[in-house]
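Work through the two exercises below with the structure open. Each task is followed by a solution in steps.

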Number of protein chains: 2
Amino acid sequence: VRLLSLARDLRRRRARDRQGLFVAEGVRAVEELLRSPLTVVGALVGPHLDATPRGAQLRATLAERGVAVLDVGDREFASAADTDTPQGVLAVAEVPRRTPEALDLPAGARLLLLDAIQDPGNVGTMLRTAAAMGAAATVALPGTVDLWNAKVVRGAMGALFQHPALSLTWEELDAFLPGREVVLWGADARGEPVERAVADAPPRLAVVVGNEGAGLSAEARGRADRLVALRIAPGVESLNVAVAAGVLLYLLRA
Amino acid sequence: VRLLSLARDLRRRRARDRQGLFVAEGVRAVEELLRSPLTVVGALVGPHLDATPRGAQLRATLAERGVAVLDVGDREFASAADTDTPQGVLAVAEVPRRTPEALDLPAGARLLLLDAIQDPGNVGTMLRTAAAMGAAATVALPGTVDLWNAKVVRGAMGALFQHPALSLTWEELDAFLPGREVVLWGADARGEPVERAVADAPPRLAVVVGNEGAGLSAEARGRADRLVALRIAPGVESLNVAVAAGVLLYLLRA
């Protein structure tokens with residue numbers, strides 16, 4: 001029963017921060033979690049999980065891995081679930097303690113920095129994109145939705161469990177980038193064409209993308225060594241931030 | 001009152017197809033609609049639209065443009081709205097009659113083809129991306145969510161009103177591409193690296209992207225002259241389809 005109230009509680013960011021735990025919901029997310037190095041604390045299972053072969057298999061895997069499973073009714077499951085049509089499984093796991101010092105940053109390393117990105121779907125997609133493009137890390141800066149928010153976890157489709165994603169304050173970022181010889185570039189529609197900048201890309205490069213409506217914050221703008229832009233057609237306001245981040249990471253890949 | 005029942009009815013694809021009408025909901029969508037060449041049939045306004053200066057301005061613009069406005073209560077508005085927290089304005093407009101014959105396809109034209117893309121958010125983002133990247137058209141192929149679905153309209157952020165987006169069957173596509181000298185390439189993880197193919201890009205190129213889970217359909221695969229892939233890190237399953245489409249369109253732009 002404690003697992004049920006814990007899962008409910010973890011829907012709030014404050015509870016996640018205090019407990020160092022988060023919830024991964026749905027068959028796919030829990031499967032990915034079990035394939036990752038993260039520590040799983042327990043799982044909540046609704047009455048319908050065993051109705052599909054994949055769900056039944058997942059229950060077997062949970063048992064094999066020695067994860068404590070609490071079976072609950074539909075109403076209890078729904079009270080802890082984040083989705084409208086729950087698949088009947090969620091797992092509580094430990095938020096990995098990732099520090100910038102521990103990041104592996106060889107020559108050619110690329111980092112994606114999220115400056116006040118508010119849509120959890122966009123953040124999830126960008127984590128998946130950064131992982132797919134071999135980025136060394138994704139950093140959530142102030143104003144960005146919590147990386148361990150249920151919708152971000154779902155949208156990242158497992159990328160969050162393997163790819164080094166972490167949250168930093170601006171001061172923590174300042175303390176970290178120069179010492180590791182990471183140069184910061186900002187994505188901004190008024191910047192120079194990225195095609196021109198590609199040839200000058202430094203060995204270690206962080207690209208910061210800004211808020212969906214407001215663009216880069218003053219904090220990001222003030223810290224960026226260079227502002228780069230994608231060519232877009234006249235009369236079109238902007239690209240979706242996850243698409244823009246994807247194109248930039250792809251072009252700037254070493 | 002007819003406008004209220006019409007707006008409710010238009011939430012169903014069949015009603016949209018039969019009537020040749022669709023709904024744009026929210027302040028921004030209606031503003032974009034009024035800036036577009038599309039014909040607006042009428043607008044439904046809830047009691048709170050005038051509470052913001054932007055909302056009040058929009059009501060004034062509707063009046064100036066001679067659009068019939070029906071004022072309704074919160075409950076009535078909610079019964080026609082697609083969003084959970086409606087902004088109190090929606091407009092009914094005519095679906096533009098776009099034909100492939102009318103498309104302007106100069107040398108360098110690029111088209112984005114959507115093969116059974118089911119998520120309306122992805123389709124909306126891709127319409128916005130195609131418009132931003134100067135694509136000549138976006139074509140929704142069978143199995144793709146209706147372009148005039150309320151969530152697609154919202155996600156496209158106006159792109160749907162200006163950018164030539166249309167739905168075609170495979171037979172209609174077959175009747176159109178060769179006559180206009182448009183070559184079809186497919187996006188597929190097992191294809192050749194797109195970087196290698198860029199130099200060979202034909203004057204008129206259509207890129208087809210496939211379903212979120214299943215990838216390209218047999219129909220798309222069979223028609224593609226070439227399959228191209230983005231380089232992604234080992235161990236990562238795939239990119240989000242809207243991100244992949246964005247990178248491909250950017251790289252293949254003439």
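**Exercise 1.** State which strand holds Arg110(A), and what surrounds its side chain.

*Solution.* Step 1: Arg110(A) lies in strand β5 of chain A, residues 110-114 (strands are DSSP runs of E, at least two residues, and helices runs of H or I, at least four, numbered from the N terminus). The model is predicted: local features need pLDDT of at least 70 and side-chain atom pairs 80 or more, while totals for chains, interfaces and linings use all residues. Residues are numbered from 1 along each chain as written, chains are lettered from A and ligands numbered from 1 in written order, and side-chain values use heavy atoms, without hydrogens and water.

Step 2: Arg110(A) is buried (under 20% relative accessible area, 1.4 Å probe, protein chains only). Arg110(A) has no salt bridge (a Lys or Arg side-chain nitrogen within 4 Å of a carboxyl oxygen of Asp or Glu). The nearest side chain of opposite charge, Asp200(A), is 11 Å away.

Step 3: The Arg110(A) side chain reaches the backbone oxygen of Leu252(A) at 2.5 Å. Residues touched by Arg110(A) include Ala136(A), Pro202(A) and Leu252(A) (heavy atoms within 4.5 Å).

**Exercise 2.** Describe the interface between chain B and chain A.

*Solution.* Step 1: 27 residues of chain B contact 27 residues of chain A.

Step 2: The two chains bury about 2200 Å², 56% of it on carbon and sulfur atoms (accessible area, 1.4 Å probe, lost on being put together, summed over both).

Step 3: Between chain B and chain A there are 0 salt bridges.

Step 4: On the side of chain B that touches chain A, α12(B) gives the largest share, 6 residues.

Notes. Buried means under 20% relative accessible area, exposed over 50%, partly exposed in between (1.4 Å probe, protein chains only). Lys and Arg count as positive and Asp and Glu as negative; His and the chain ends are not counted. A polar contact is a pair of N or O atoms within 3.5 Å; within protein, one must be able to donate a hydrogen and the other to accept it, and residues adjacent in sequence count only if both atoms are side-chain atoms.
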